[in-house]
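Colleague: Could you walk me through how to read cavities and helix packing in a model like this one?

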Amino acid sequence: EQGHLEVCSLLLRQALHPARADAQNSWALTVAAMEGHLEVCSLLLRQSLHPARADALNSNALLHAGRNGRDAVCNLLLSQALSP
């Protein structure tokens, strides 16, 4: 299965900060949402990442998920964004 939930969990346990951008200035949550990795998105959201955080393209995880037809991820991100 793609998404590599176990690898992401290991990296987070090793103190890799999930809000750190990659070489293309993309956030882990944005990339996971774009690719439709629902479980990884859920894991990253539990790390207090906000789904509306903008990336270098002035876009966010929800917009990338929507553009790529990732409905389940969109629903997850919306529910997180609307919760207090």
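**Cavity and helix contacts**

Modeller: Sorted by class, the residues lining the largest cavity are five nonpolar, two polar and one charged (Ala, Val, Leu, Ile, Met, Phe, Trp, Tyr, Cys and Pro count as nonpolar, Asp, Glu, Lys and Arg as charged, the others, Gly among them, as polar). This is a predicted model, where local features need pLDDT of at least 70 and side-chain atom pairs pLDDT 80 or more, while totals for chains, interfaces and linings use all residues. Residues are numbered from 1 along each chain as its sequence is written, and side-chain values use heavy atoms, leaving out hydrogens and water.

Colleague: Which residues line the largest cavity?

Modeller: A cavity is a set of points on a 1 Å grid over the protein atoms alone where a 1.4 Å probe fits but cannot get out, and lining residues have an atom within 4 Å of a point. Here the lining is Trp 27, Leu 29, Thr 30, Leu 49, His 50, Pro 51, Arg 53 and Ala 61.

Colleague: What volume does the largest cavity have?

Modeller: About 60 Å³, taken as the space filled by probe spheres set on the points, which are joined across faces, edges and corners. Searching the whole structure turns up one cavity of 30 Å³ or more.

Colleague: On to helices: at what angle do the axes of H2 and H3 cross?

Modeller: Axes are lines fitted to C-alpha atoms over the stretch in contact, with angles from 0 to 180 degrees between N-to-C directions. Helix H2 (residues 28-35) and helix H3 (residues 38-45) cross at roughly 155°, their axes coming within 8 Å. That makes H2 roughly antiparallel to H3 (over 145 degrees).

Colleague: Which residues of H2 and H3 meet?

Modeller: Ala 28, Leu 29, Ala 32 and Ala 33 in H2 touch Val 40, Cys 41, Leu 44 and Leu 45 in H3 (contact means heavy atoms within 4.5 Å). By class, this contact of H2 with H3 has eight nonpolar residues, no polar and no charged.

Colleague: And how do H3 and H5 pack?

Modeller: H3 and helix H5 (residues 71-82) pack at about 15°, axes 9 Å apart. They are therefore roughly parallel to each other (under 35 degrees).

Conventions: 1 Å grid on protein atoms, 1.4 Å probe; cavity = no way out; pocket = protein on both sides within 12 Å on 5 of 7 lines; lining within 4 Å. Helix = DSSP H or I, 4+ residues; strand = E, 2+ residues; numbered from the N terminus. Parallel < 35°, antiparallel > 145°, perpendicular 65-115°, else oblique.
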